[in-house]
Amino acid sequence: MRKGLAGPADRLPRPPYDPEIEPVVKALGETPDQYEVEKLRKDALVRTRPYTDALLADKSVNIEDISIPGPRQDLIVSVVRPAESKSTSHPCIFYIHGGALVAADRFAGLDYSVVWARELNAITISVEYGRAPENSSTQPAEDCYAALLWAASHPSELSVDPERLLLYGTSAGGGLAAATALMARDKNGPALRGLFLECPMLDDRNEKVSSQQFSTGPFYNSTLNRFAWRCLLGDRVGGNTVSAYEAPARAVDLSGLPSTFLDCASAEPFRDEIVAFASKLWESGVQTELHVWPGGPHGYDRLIPTAPFAVLARQTRLAWLRRAFAQNS
């Protein structure tokens, strides 16, 4: 069983949490003494199960599981369709779930597909990629890319518009979405209408100021982040042999990527690597939108979904998706 010990104390002063977060901080307590893959997986299942159950019971969408060929073994994708739509050409969100690379499943966060179906008439496809540490290096990203290729090559069967295919990833899935987009660019893969990176996990080095500010605490912190990256990369973590397909922040050139949306919170370890990635996208000539929501930890919109900034964040994400699908290709 892969384990990681808690790290050092935070070395720099932190920006404050939003006042609505403080009761959650007190309720959750201190940083765990150690991290274990199996416990992370069990905890993720407990957190996501109510949302998954609600999704599976929702009559406004139809959900189909499909087995598709993968690079090493077959993969499962879940396809979420608007139940009442008669269209044969829907916009499509190819979704990659979070979970620190080691935990959660294709249903984590997929409950938002109900909103996308209702507001955008979109079909969502979510892939069950191989998790670390059982799958290492570029293997999770290769799974995601294989599933993206499958989706792009079956538009009629899926009732999706191949010219409105958008790649969306959350947290660890955001890093995998960025890696998948790089693969699509480099391998002349499917054209993407947009790339949506929600609080993405991009950099294995943990060197930014925000990583030093949030080494500890009850939310996702850089100690857990180091553990997660080590599960994927082993002893190579932080070294000079890590590729952009493993940690997208390693990319030197981001030109040729589609229009990109990134967001994060001000009180989380990913903040500065996300801001740096947005700057690299601008430097590379990519149309990019960045939001840093004040006072939130990683995963704030699940922890305090009614907080004003969390509500605004969800509205902003949906507005960007709507614009992305409405623009001419």
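This is a predicted model: local features need pLDDT of at least 70, side-chain atom pairs count only at pLDDT 80 or more; totals for chains, interfaces and linings use all residues.
Helix 3 passes helix 11 in a right-handed crossing. Residues are numbered from 1 along each chain as its sequence is written, and side-chain values use heavy atoms, with hydrogens and water left out.

Back to the pair. Helix 3 covers residues 112–120 and helix 11 covers 308–326; their axes come within 11 Å and cross at roughly 50 degrees. That makes helix 3 oblique to helix 11. The cut-offs: under 35 degrees is roughly parallel, over 145 roughly antiparallel, 65 to 115 roughly perpendicular, and the rest oblique. Axes are lines fitted to C-alpha atoms, for helices over the stretch in contact, with angles from 0 to 180 degrees between N-to-C directions. Helices (H or I, at least four residues) and strands (E, at least two) are DSSP runs, numbered from the N terminus.

Who meets whom? From helix 3, Tyr112, Val115, Trp116, Glu119 and Leu120. From helix 11, Arg314, Leu318, Leu321, Arg322 and Phe325. Contact means heavy atoms within 4.5 Å.

Next, the strands. Strand 4, residues 75–82, has seven of its eight residues buried. Buried is under 20% relative accessible area, exposed over 50%, partly exposed in between (1.4 Å probe, protein chains only). Strand 4 runs antiparallel to strand 3, residues 61–68, through eight bridges. Two strands pair if DSSP finds at least two bridges between them. Ile63 stands opposite Val80. Six residues separate strands 3 and 4 in a hairpin. Strand 4 also runs antiparallel to strand 6, residues 123–127, with four bridges. There, Val79 stands opposite Ile125.

Now helix 9. Its buried residues are Arg271, Asp272, Glu273, Ile274, Phe277, Ala278 and Leu281. Their cover includes helix 6, strand 8, helix 7, strand 9 and strand 10. Gly285 follows helix 9, with a positive phi near 85 degrees.

Last, the backbone. Most residues other than glycine have a negative phi, and most peptide bonds are trans. Leu101 has a positive phi of about 70 degrees. Leu101 lies in the loop between strand 5 and helix 3, and counts as buried at 5% relative accessibility. Asn206 has a positive phi too, near 55 degrees. Asn206 is in the loop between strand 8 and helix 7, buried at 6%. The bond from Ala132 to Pro133 is cis, omega near 0 degrees. Pro133 sits in the loop between strand 6 and helix 4.

Notes
A crossing is left-handed if the near helix is turned anticlockwise from the far one by less than a right angle, and right-handed if clockwise.
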